[in-house]
Amino acid sequence: MSSSARSSRKKPKVGLFVTCLIDAMRPSAGMAALRLLEAAGCEVIVPESQSCCGQPAWNSGDKAAARAVAIPYLDSFDDCDYVVVPSGSCAGMLAHHLVELFEDAPDLRHRQQALAIAAKSHELTSFLVDVLGVTSVPGQIKGRVAYHDSCSSLREMKVKDQPRQLLKSAGAQVVDLDQADTCCGFGGTFSVKYGDISGAMVDSKAQDVEAQHPDLLVAGDMGCLMNIAGRLSRRGSLIAVRHVAEVLAGEMTAPPIGAGSTDSDTNGSDKK
Amino acid sequence: MEVSSQKFNDHVHQAVDDANLKGAMGKLTGALRPNRARAVAGLPEFDDYRDHGIAIKMHTLDHIDRYLEEFETNVVANGGHVHWCADEDSARETILGLCRQYDVKTVTKGKSMVTEELGLNAFLDQHGILPLETDLGEYIIQLRGESPSHIIAPATHLQRHDIAQTFRDAHDHLDPNRPMDTAESLTEEARQELREKYGAADAGITGANFMIAETGSTIIVTNEGNGDLTQTLAKTHIVVASMEKILPTMDDAGVMLRLLARSATGQDMSVYTTLSSGPRRPGDLDGPDSFHVVIVDNGRSTMLAGSEREMLRCLRCSACLNHCPVYASIGGHAYGWVYSGPMGKVLTPSLVGLEQTKDLPNASTFCGKCQEVCPMRIPLPKLMRNLRAKQTEQKITPLKQRVLLALWSSLASRPRFYRFVTGMMTGALARMAGPKRVFTWLPFLGDWVQSRDFVAPEGGSFFDRYRASSSPSSSKGEAHD
């Protein structure tokens, strides 16, 4: 890490937006994101006023509910240079949808705060590469690693090469999925409202993953990861699944997501 | 056409278990998507054409009254007639009236989605007029008594063996042992059957991809030439077009045609681009004796003034269908009306109302692929989200969903309390899952676990760990650098 070159300058102050799924489901990924940012020379704060970005309500067409969830964190990043999100989907909410959510808010401050957050929000790997110019990471990984592009990362946050570059710098042999730009079928509440369609989509994705015979599947979004890991587990696949931050930070002590684990034979034998 | 979008979930349930449909949908990933990608890559200025095309459409929609009137003036000057129809009833009656005026018993039809809106074939049939579809895909589904499952390839839901069986049943005058195992043999058979019927038709009904104001021409694009035969061999040519197909000039059509074929089938140009500019003139070698254009509103004027206005830019290319993972999983019939895929999810509720079409705008992951490939860059996810917001406003959204969202929102708007509650839940789940770390069944998550395991939470929350690591004893800051 080129932190020595940066040490003379003031450390960039980063507010970490943890995301509700990481907070509840995969704290390791959040800790890994924190370590990555600190290793890249950032001063990181994690405001306690955050729960969820509000996307489930926003995408359900319930503006009032989405605003209620977003308001507590609107002023929490005022003194940060950047807001960094270990999720393309939640980053997309902050960077692209928050402004629209508050554009006709009765409180003018909310509109301004939404604009301010939008202007400084980044997806984690894109922040490391595009903003900080990071070329090496603490983590080391061997073997075939498939990176799954979440739709919001790919299309809203323009994240494609950044995580792949970082994975390669960690030693991974990055393999691409045949249908890399096709949705895995998560879609938030879609996955439970339209289980039939979501199930068909994630099965296609799981087959696409298996066809590449990766040792590890990583992605930058917990929603996709829970979805694909769940399907791989149901299919009896042994491909391990992790958040990309865990691999890049070298924080791999937690077992992989779901039971598709290769970390020990005993855990592997728990599989159906 | 009758709306059955209310039964979306039943349709979906059948579709996802339909192995034959799944096989048929393979042509999306196997051909349509790579073909478009190749065609777009072959025209480096494709995105400039898109910008230009969008500008043309926005301008045209802003001045649509003027251009439609100019079109009418020029059609009349060419010796044709224009009929204005506010809704589907008036359009059907107008077309029936024309058929009676010219004593029409049989009509040949080129592919037209707006006539599907009108349910025209069934209507003509009821009134003793025999409609015969001439587009190969339309011909196949007409024989099967089905509706189109795709806006440009109506028989997309079928595989070759389905079509062979359909022809075997319908063409029972042919040798039952004839070879029918190639696309060529099936196409040739349909061609022979249809050729005999063009000449016998009293009227030809086509749609229009574009109406050109400055010349009073209508344009259709086909790959089979069936449109040409339909409209030139019959004595009467009736064009049925929805009002937003209007373009100011022939140059504008040039821009749109470049976008259309590449986005649709991945061709540089469709095989036939056919202009119709009025009836046969003295000295013309062929053409109809009379030429009528039926311009259909059927809800477009309301869209023009509403939040779905951008949907009126649609060229009906089908790129959004072809690239949609939801469409690929369920096929076109599941959508329950004329239009399917992402464009159908916006257009159908806009035209037939929100009540009957509740699921359409909701059954999307908002993956954004549709907007990415749309030549008109229609923000389909945004328009679907607008429709969801309208459902919320009008309390069309199911009560269960509204209650759950309200509960969640009231919880998540109090972050500390929220974490207390989620912490208890995830802690319990992590303990329950034990070393398996997944659930194969959970109450309230039936739709998730029917097809995939539910991953157990890792245990503890991020904020627990963060607080522990940043407490004074762990010397946060320096230690992490």
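1. Throughout this note, two residues are in contact if their C-beta atoms, placed from the backbone, lie within 7 Å. On that basis, chain A puts 65 residues and chain B puts 55 residues into the contact between them.

2. Some housekeeping: this is a predicted model, where local features need pLDDT of at least 70, side-chain atom pairs count only at pLDDT 80 or more, and totals for chains, interfaces and linings use all residues. Residues are numbered from 1 along each chain as its sequence is written, and chains are lettered from A and ligands numbered from 1 in the order in which they are written.

3. Back to the side of chain A that touches chain B. The elements that each supply at least two residues there are α2 (20–25), α3 (27–39), α4 (55–59), α5 (63–74), α9 (151–156), α11 (190–193), α12 (195–211) and α13 (222–234) of chain A. Helices here are DSSP runs (H or I, at least four residues), and strands are E runs of at least two, numbered from the N terminus. With eight residues, α12(A) gives the most to that side.

4. Now zoom in on α12(A) and helix α1 (residues 8–16) of chain B: their axes come within 9 Å and cross at roughly 30°. That makes α12(A) roughly parallel to α1(B) (angles under 35 degrees count as roughly parallel, over 145 as roughly antiparallel, 65 to 115 as roughly perpendicular and the rest as oblique). Axes are lines fitted to C-alpha atoms, for helices over the stretch in contact, with angles from 0 to 180 degrees between N-to-C directions.

5. Who does the touching? D196(A), I197(A) and A200(A) of α12(A) meet V12(B), H13(B) and V16(B) of α1(B). By class, that is four nonpolar, one polar and one charged residues.

6. Chain B is assigned domain 1 (5–158 + 185–302) and domain 2 (419–480). The C-alpha centres of these two domains of chain B lie 55 Å apart.

Notes. Domain bounds come from an automatic or database domain assignment. Ala, Val, Leu, Ile, Met, Phe, Trp, Tyr, Cys and Pro count as nonpolar, Asp, Glu, Lys and Arg as charged, and the others, Gly among them, as polar.
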